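Here is a short briefing on one model.

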Amino acid sequence: MCGIVGYIGARNTLSVLIKGLKSLEYRGYDSAGVSFIRNGELTVIKKKGKVKELYKAIDESGYNLSESGKNSISAGIGHTRWATHGAPSDENSHPHLSMNGKICVVHNGIIENYAELRSYLKKKGYEFSSDTDTEVAAQLIEYYYTKGGDQDFEGSIRRALQDIVGSYALCVLCVDFPDKIICAKKDNPIVIGLGENENFIASDIPALIEYTRDVVFMEDNCILIMTKDSIVIKDVHGEVVDYEVSHVDWDADAAQKGGYAHFMMKEMFEEPKAFEATVAPRIKDGDIYLEHFPCTREFVSDIRSINIVACGTAYHAGCIGKYLIEKLCRIPVTCTVASEFIYSDPIIDEHTLTVVISQSGETLDTRNAMREAKNRGSKTLAIVNVIGSTIAREADHVLYTAAGPEISVASTKAYTTQLGCVYLLALKFAKTLGTITPEKYTDYQYELLEMPSKLKRILDVQDRIQRFASSEFNAESIFFIGRGLDYYLSMEASLKLKEISYIHSEAYAGGELKHGTIALIEDGTLVVSPITQDELAGKMESNIKEVSTRGATVLAIIPERFAEREFSCNEKFIIPDCDELFAPILTALPCQLFAYYMAVNKGCDIDKPRNLAKSVTVE
Ligand code: M6R
């Protein structure tokens, strides 16, 4: 979704803003803009399209964009917009100026009562030049700024916020206060980067990491007043509030492509390392340690049901979690798409543990679901990748995945590391409840520790997937079928394929196809089938036989121990052997590679697929 950057300091502001916007491109956007105060004048430059169009427009306006360029700008803000209200266009791009040209605003989120505010302001004589909800914020702030005649920049924002219903990360410049940026936050992230005689703001860490590792995650319903050498955070009543400085230890290079053609490829290659970093430090002396999460017998025995909520890929990791926890711990688990959960009148109470899974820790549906679960008395555990993100801060307990920054919109290493956490959780609970033998507990820890080297072995032979994709990329529709864990994995494989290659795809339980969908199978339809579960392999052979007899081309993904077994498939991709319970961790990677190469062959925009955003902060 939209991205925000802001800077005050001695560096070339335009260079910081453009670099910051580029590093937020992964969030998905359709236009970009900057505004800045220079020699007492407020300038706005904005363009529909990519940041490079904006760069060109700034350059053509005669501004120096080089990093070493002299800075004559006292404060600047920038934005990448993912259209919600009003089509992508120059006019609808942010920043938005108020009518008298004094106030300038960039905004992430949605002002829900914008129509009402707009007609109110129109009656007061305000004219609007865009279709956006954001322009209302700029005009409303100006209205209060000029109304009393006292021109109180901070006060006018606070007053405007009283009228605004919705969600926002709002950053505001006022030409009369050339050395200040004021931000307000509710339900959309703002990270403050602290420097020496300079300060930064951004909607995500990659925009700051080159300059500072010391960051403050703004809380909801707060206002930030930032100058080059100070930050002050206040609540809605104007009272100063304390804040905590966090140190981010992400490698600055982690947010760079590092020689790979796409972030997605780089991130798949990082899976062994990311999985190891997530799992290995938590396994010590034959036991599993989940920091900050009480796994005492008393705590775990009190949990009568587990409720997993998440969206997209994270939801698919949750489905695997449901299977594992039920199998290993015999606790009933539901796994629900977060956007549905909130409206489902869920049966949960203080004996329920709600596990929310989110890479970004900012997904609004997931956050709302967690809040709903909390309101109903549930304990909450968040499995999150981004340190200090809203979900991480609001959950009772957090288990961080150690994937590092994931830039590609298509989630790959985040999924594998989410699986790492759900396996650790299931095993630890089973041990605590005594539903697993000590021998199995030990064996399963080894299984987890061996995953990184097995993932590397898959990467070593990824050219086989590449070749298969090169011959199949014209497929119009692809079905993924599997049983048990392979079915849940198929759901993720299908999502990955469709989101980046735009090929229609569906995932089905192997036995379900014959209840309707098999009607779609015809000569040449591609069917991909992970078959990794011993007890279900025979049944899966029947299911792929059913489709191959009807002309389907079948790719089977199987473990080494099935290599010599006869399957009715055209192609086999063999993954290393492991205990069948752990197979999804390995099977995911060839499916991601398959999606990647199909999309590359089709010439798709791999890291920024159409219509998608990395962090989805609207409902
Ligand atoms: O940041 P989150 O994990 O909460 O995001 C949830 C989904 O939006 C995300 O997994 C999405 O489905 C990915 N683009 C899939 O690759």
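N197 is found in the loop between strand 9 (191-194) and strand 10 (199-202); strands are DSSP runs of E with at least two residues, helices are runs of H or I with at least four, and both are numbered from the N terminus. Phi of N197 is near 55 degrees, a positive value in a residue other than glycine.

This is a predicted model, in which local features need pLDDT of at least 70 and side-chain atom pairs count only at pLDDT 80 or more, while totals for chains, interfaces and linings use all residues. Residues are numbered from 1 along each chain as its sequence is written, and side-chain values use heavy atoms, with hydrogens and water left out.

**Backbone**

- N221 also has a positive phi, near 60 degrees, and is a residue other than glycine.
- N221 sits in the loop between strand 11 (214-217) and strand 12 (222-226).
- H94 and P95 are joined by a cis peptide bond, with omega about 0 degrees.
- P95 lies in the loop between strand 4 (73-81) and strand 5 (96-97).
- Most residues other than glycine have a negative phi, and most peptide bonds are trans.

**Ligand site**

- The ligand is surrounded by 14 residues, each with a heavy atom within 4 Å of it.
- The closest are S358, Q359, S360, T363 and E499.
- S358 places a polar side-chain atom 2.6 Å from an oxygen atom of the ligand; a polar contact is a pair of N or O atoms within 3.5 Å.
- S360 has a polar side-chain atom 2.6 Å from a ligand oxygen atom.
- For K496, a polar side-chain atom lies 2.8 Å from an oxygen atom of the ligand.
- The protein covers 91% of the 410 Å² of accessible area that the ligand has on its own (Shrake-Rupley method, 1.4 Å probe).
- Helix 9 (312-329) and helix 16 (485-501) each supply at least two residues of the shell.
- Domain 2 (257-460) and domain 3 (463-602) each give the shell at least three residues; the domain bounds come from an automatic or database domain assignment.
- By class, the shell has 5 nonpolar, 7 polar and 2 charged residues. Ala, Val, Leu, Ile, Met, Phe, Trp, Tyr, Cys and Pro count as nonpolar, Asp, Glu, Lys and Arg as charged, and the others, Gly among them, as polar.

**Cavities**

- The whole structure holds 4 cavities of 30 Å³ or more. A cavity is a set of points, on a 1 Å grid over the protein atoms alone, where a 1.4 Å probe fits but cannot get out; lining residues have an atom within 4 Å of a point.
- The largest cavity has a volume of about 180 Å³, the space filled by probe spheres set on the points, which are joined across faces, edges and corners.
- Its lining has 24 residues, with S203, D204, I205, S360 and V386 nearest the centre.
- That lining divides into 13 nonpolar, 6 polar and 5 charged residues.
- Domain 1 (2-254) and domain 2 (257-460) each contribute at least three residues to the lining of the largest cavity.
- The second largest cavity has a volume of about 120 Å³.
- The second largest cavity is lined by 16 residues, and C2, W82, T84, H107 and G109 lie nearest its centre.
- The lining of the second largest cavity has 4 nonpolar, 10 polar and 2 charged residues.

Key. A polar contact is a pair of N or O atoms within 3.5 Å; within protein, one must be able to donate a hydrogen and the other to accept it, and residues adjacent in sequence count only if both atoms are side-chain atoms. On a 1 Å grid over the protein atoms alone, a cavity is a set of points where a 1.4 Å probe fits but cannot get out, and a pocket is an open set with protein on both sides within 12 Å along at least five of seven lines; lining residues have an atom within 4 Å of a point.
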